[in-house]
Structures are given as C-alpha cells and as structure tokens.
Amino acid sequence: MADYADVHRRSLSDPEGFWGEQAALVSWFHKPTRVLDADSPPFFRWFSDGRLNTCYNALDRHVIAGRGDQTALIYDSPVTGTTESFTYATLLQDVAAFAGALRDLGVGQGDRVVIYMPMVPEAVVAMLACARLGAVHSVVFGGFAANELAVRIDDAQPRVVVSASCGIEPSRVVEYKPLLDRALELADHEPASCVVLQRPQAEATLVEGRDLDWATAMRAGRTNPAPCAEVAATDPLYILYTSGTTGRPKGILRDNGGHAVALAWSMRNIYDIEAGQVWWTASDVGWVVGHSYIVYGPLIAGATTVLYEGKPVGTPDAGAFWRVVADHRVEALFTAPTAIRAIKKEDPEGILVAAHDTTSLRHLFLAGERLDPGTYEWAGRILGVPVVDHWWQTETGWAVVANLRGLDPMPTRPGSPSVPVPGFDVQVLLPDGSVAGPNQEGSLALRLPLPPGTLQTLWHDDARYVSSYLAAFDGYYLSGDGGYVDDDGYVYVMGRTDDVINVAGHRLSTGAIEGVLAGHPAVAECAVIGAADALKGQVPRGLVVLKAGVDPTGVAAELVAAVRDQIGPVAAFKDVEIVAGLPKTRSGKILRRTMRQLADGEHPTVPSTIEDPSVLTALEPILRRE
Ligand code: COA
Ligand code: AMP
C-alpha cells in the first residue's frame, strides 16, 4: 500500500503529474492532454480538452467489460417492505430508456432537470439519465417545502421536473405532488413538463398537458433509448443547492471530468472499495453525500451500491442498519454521526447489533457534522471495525480531510477526521492572513487550485463564488469552518464560523429561518441560533422581539408553523421564544455567536462593541434555560 505522506506530497508538488495519472481511472472518448487549466485564475479547470460521459463511466463501461450481470444497485425499503436488485445491465436499460424519454420531452445537452424525489431507484435512474444526455440535474431534498423548491426552480430554470407522488416517512406519507404544484404556482419559471412517478401509497393527480406519468414515459423511452452524449470534461454535470449565510441558496456547480476522476480515486484510496464490493451510504440523494456516494462514486468504481429508504431507528427498530449490513453483506457503511447517536440512544448496549451477522463490515465512515468522541468510541466498540471520521462539504464534493483506508492506514484519533486528502492543501489562517502554528485555531482554508471534483463556481454567479469563498484570503478557498492542526498534522474541525448550522447532518441557514420569522406581521426583529442538541448535533432556536402593542398569544406556534411551511420539516424548528430585546453591537450587528455560546452553557467574552450590555444580561437566563 502506498504511503500517505508520499502520495499527499506528490499531489501538491506535481498536481498535473498526479491527476494526469489518475485520469486513467475513468474512460474517455477523448483523453485529456491538458490536466490543469490555470489560464483564468481564480477559476481553474481540470482536464479541459478531455471528452467523456459520466453515465458511460457509471454503467456502460462495466457492461462492456462483461460485468453486466453484477448487481449495481440494491433498493432496500423497510417503509414499503420492498427489496429489489438491479444489475448493471438492467440499470443501464432503465437509464437509457428514461434518457430517451427526457430527450423526447426536449431535454438536450446543458438543459436543466430538477429532481424532487424520495429515496427510490427512479431518482438514481433520473440522475444518470441526465448525465447520459449531458443535461444538468439539480436534485432537491424531499424534506424541503414548496417555497424552497420554487426558489431552486427559478434559479435553475429546468426544462423538466421529475418527481414522485409521495415519499414515506415512518410517521406519515408525504405527498410530494401537491408540494410540486404549489412550488410551480410560486415560481416564475415554468418547466415544459413534469414526469411523476406514481406510488401506490398516494397516487397524484396529473395536470393535463404538463404532467406525464413515469411509467408512460418509460414505455415510450424503451422503444427509443438514448445513447451517451459526448461532453467536455468541464461541462456541468449537476447543480446542487446548499445553504449559505443568507436565505438565498448557493447553486454549487460540478463538472463531469474532474468529478469522475476524483470520485474514482476516492473509492479506492479513501474508502478501500473496489469493483464488485458492496457499499452502502445511508443518506439521501438530495444531499452531496448521496450524489457522490450513493450514486456516482460506487457506480463509477463498479461496486454495488445500496439505496435505503428508511431511518436508522423506527423502521422498524434500532437494528435496521445492522439488518441491512447482514442482508446484503455490506463491506463499508457511510452515514452521519446523528444516525449512530439515534441508534445508540435506543440500543445503548448494542444488543441489536449482536442479533445480526455484521462480519462483512470492514469500516464505518462518518461525515456531515462533528463526530463527538462518545459516538466514535461507542460505534467502534459495538461494531469492532475502524470508525473513520472525514470532513467535507457540498462545495468540495468529496473528502478534504480523512483517514485514507486504501493507503497505508494510520491510526484514527477521536475528535479529528485525521489528515488532508491528497490534492487538498489545507491551511489554518489567522485573521491577518498569516498561517497559524500547530494547535493554533483559525479559519480552515484550502490553497488554490482546488483538486478535481470540487466546485467550479456557483451556477450563473461567478461574482458570488468569488465573494463568498475566495475574497477573504488571497489565493485560498475559505471553508467557513474553524479549526486547527496538531503537531502530527491531524486536523481538528471546530465548527462553522458563519451563520450556517448543521441539524441532524442537514445544512441550514439561520438567515433563511430568520427571513421567515421576520415575515410574520407581529415580529419586529429576530435572531436564530444553532443550539447544541444531544441527538441532532444542533437545533435551531429562535428569539423574537414583537412589535409594540402586539398580543403575543399564539405567535410562537404560528412562527413554528411558518418555518415548517416555508422551509420544510427538515429545519426541525420547534423552539421559539419571545424576548424583550436582542443584544447588538453599536453598529447594529446581532451577537448571535455570544447568544449561542450562552445557550450552550459556555462563558463567552462579551464583545467590547456591545451597545447595551443590560439586554444580554436580561437574556442570559432565557438562553441558559435557568
Ligand atoms: N421528505 C419529507 N419529510 C422529511 C424527509 C423527506 N425526505 N426527511 C425528513 N423529513 C421530515 C421528518 O419526517 C421530520 O418531520 P417531523 O418533524 O414531522 O417529525 C423532519 O423532516 C425532521 O427530520 P429528521 O431530521 O430526519 O429528524 P427525525 O427526528 O425524523 O430523525 C434521525 C432523526 C437522526 C433519525 C434522522 O435525522 C437521520 O436519520 N439522520 C441521518 C442524517 C443524514 O442522513 N444526513 C444526511 C447528510 S450525511
Ligand atoms: P454539507 O455541505 O451539508 O456537507 O455540510 C458541510 C459542513 O458540515 C461543513 O462545513 C462542516 O461544518 C460540517 N461537517 C461536515 N463533515 C464534518 C466532520 N467530519 N467534522 C466536523 N464537521 C463536519
């Protein structure tokens, strides 16, 4: 096995040589001769004269290589009582048919397709069908409300929206189609067509002339399936919206070539997964973890990927994950620490682990939020396999800091996701832009150029890409996380330094929630903070000041309902308090960080710029819930 330090050093000293070699991990219609295009900094492009197709790499090439009968995808759905397997050959047939259907609806190269679907195989088929056509998909997580979907539809301007009649949560059937219809009423942009997968749990009413049933589209597509379009490595594969500090989401733009190479490299070197092995990411296709490691990464690697429509607990119990591992002989599981905390809460002794044969499992990978040492230790003890924390973001598309299991493995350490991944030059910067010393906390920043697979820019907004990520420190990408590096080079991630919060591994903007609260006629001003939560990592907590003379009765409940209605249940916004005032600096900036620290039981230093310290003093017992 290659030595980590050698590989990392080479990736930074000779990025063109390093990534030029890794390009051989994917199949090209035209092999790139140019590895890094640095002609227009701060915009960098990888493999700019290469031509390929991501769907070809995920499906066709495995079938051509004679592995068409191998299982590509296992759909395991405890909420519907279904398990279904797709070989590479059958998945390719479905994808080519749906690509044909999309083409017949007028979708061509570069056109956008919004996908708003639950965790069903058709969501994967739709994504790959877009890739096949060279169209650009934008998957919107099902837990978002109509308004959030509308914002994304207006930004991406899709020709087609693909959806389903419903998703199934343990407690209820969530009808997606009324949410889609409402989103299309709210949006200015009108897609030409919607394709709707009818599920028996709640059939949707279709709009004549606009909506098409999935089954009908597939029947037509099967008679005239679509071949792979040849696209430039730098052409976009997808837009994935993520929360920034304002209410307006950021459309992260991913290319085809760099993405395919980076994910292929990561499957082998970070996750130690090869073709034919069974891999399971328990997340959702609506998040970057789902894009990279439910769909593209494992399929490009020729592995078998498990698509799980269920929860860690309650479907039916806290042994669900171990049942899936045992049933499908899963070799590596990737999920968020929250999921493990939920299991630990219900089965603290790990009795349900012992009830299943989990001997196939070699690694548990965790990411999406901070991995607390208690969860790390518990999971390692009950599973008896290495627990591998790794740090990354929607923007980076794959891990920035990890313990690379396919290289000569190094020890894991509680509290640290380990070391910078080859290709990433991770630095801790102080406010004046100087590089911090060992163990000194600062902003986690990545020296440009970022490696293949990372964001190219924001969709249609180069200026916002530069101002959000590149303006703070010349020559660096600002991650938005703070942290430090210890004497041995292990990186410690201490959390966001901006107004982004992380609720059960879901990234949310406090600004977006504040926008909803501020829209209520009774609210004069408001603040939302992410308070520590034993299960979800963080939960949003709202503090509102009402307009003078307003009757407060019922306002808190209306605010909770408004956030659920306008952002979605995923915001898990249940906690709002009416207060007399909010602490601010003399320039009017609300002291959210100080409030969060008080809520978390810390003893923050109050900024000297505070306008009226008595406001904070009055709020302290409320924040501390004394
Ligand atoms: N469609 C519609 N609603 C959804 C949804 C979806 N795809 N996903 C979640 N929701 C709803 C839930 O039903 C819940 O609604 P409720 O308020 O009526 O109960 C709400 O959104 C919050 O959901 P969730 O954050 O999942 O909380 P939970 O209390 O239902 O479950 C966990 C807690 C820990 C079990 C759950 O968060 C989990 O499995 N987390 C794993 C994290 C993960 O996959 N992260 C992705 C990044 S790696
Ligand atoms: P997302 O873009 O939704 O993947 O969220 C990215 C954010 O989640 C990061 O900026 C971090 O704040 C947090 N995060 C992800 N992985 C980790 C990790 N392993 N440790 C600590 N924080 C993490």
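## Strands and pairing

Two strands are said to pair if DSSP finds at least two bridges between them. Helices (H or I, at least four residues) and strands (E, at least two) are DSSP runs, numbered from the N terminus. In general, the strands of a sheet pair through backbone hydrogen bonds, either parallel or antiparallel.

The structure described here is a predicted model, in which local features need pLDDT of at least 70 and side-chain atom pairs count only at pLDDT 80 or more, while totals for chains, interfaces and linings use all residues. Residues are numbered from 1 along each chain as its sequence is written, chains are lettered from A and ligands numbered from 1 in the order in which they are written, and side-chain values use heavy atoms, with hydrogens and water left out.

## The four-stranded sheet

Four strands form an open, antiparallel sheet in the order S23-S24-S26-S27. Its edge strands are S23 (426-429) and S27 (491-496), each of which pairs on one side only. From one strand to the next, the twist averages 50°; axes are lines fitted to C-alpha atoms, for helices over the stretch in contact, and angles run from 0 to 180 degrees between N-to-C directions.

Within this sheet, strand S24 (residues 442-447) and strand S26 (residues 476-485) are joined by five bridges in the antiparallel sense. Gly-442 stands opposite Gly-483 in S26.

## The seven-stranded sheet

Another open sheet has seven strands in the order S5-S4-S17-S16-S18-S19-S20, and its pairing is mixed. Strand S5 (82-87) and strand S20 (387-389) are at the edges with a single partner strand each, so one side of each is left without a neighbour in the sheet. On average, neighbouring strands of this sheet are turned by 20° against each other, direction ignored.

Strand S16 (residues 278-281) pairs with S17 in the parallel sense over three bridges. Val-278 is placed opposite Thr-304 in S17.

## Backbone details in the loops

Two cis peptide bonds may be located in loops. The bond from Thr-315 to Pro-316 is cis, with omega near 0°, and Pro-316 is found in the loop between strand S17 (304-308) and helix H11 (320-328). The bond from Leu-448 to Pro-449 is also cis, with omega near -5°; Pro-449 belongs to the loop between S24 and strand S25 (457-458).

Ala-504, a residue other than glycine, has a positive phi near 55°. The loop that holds Ala-504 runs between strand S28 (500-503) and strand S29 (506-509).

A residue is near a molecule or strand if one of its heavy atoms lies within 4 Å of it. There are 24 residues around ligand 1, and Glu-169, Pro-312, Thr-338, Lys-536 and Arg-564 come nearest. A polar contact is a pair of N or O atoms within 3.5 Å; within protein, one must be able to donate a hydrogen and the other to accept it, and residues adjacent in sequence count only if both atoms are side-chain atoms. A polar side-chain atom of Glu-169 lies 2.6 Å from an oxygen atom of ligand 1, and an N or O atom in the side chain of Tyr-176 is 3.4 Å from a nitrogen atom of ligand 1. For Lys-574, a polar side-chain atom lies 3.5 Å from an oxygen atom of ligand 1.

On its own, ligand 1 has 940 Å² of accessible area, of which the protein covers 84%; such areas come from the Shrake-Rupley method with a 1.4 Å probe, and for residues only the protein chains shown count as cover. Strand S10 (172-175) and helix H12 (337-346) are the elements that give two or more residues to the shell around ligand 1.

## The surroundings of ligand 2

Ligand 2 is surrounded by 14 residues, the closest being His-390, Thr-394, Asp-481, Arg-496 and Arg-507. A polar side-chain atom of Asp-481 lies 2.5 Å from an oxygen atom of ligand 2, and a polar side-chain atom of Asn-502 lies 3.1 Å from an oxygen atom of this ligand. An N or O atom in the side chain of Asp-389 is 2.8 Å from a nitrogen atom of ligand 2. The protein covers 94% of the 490 Å² of accessible area that ligand 2 has on its own.
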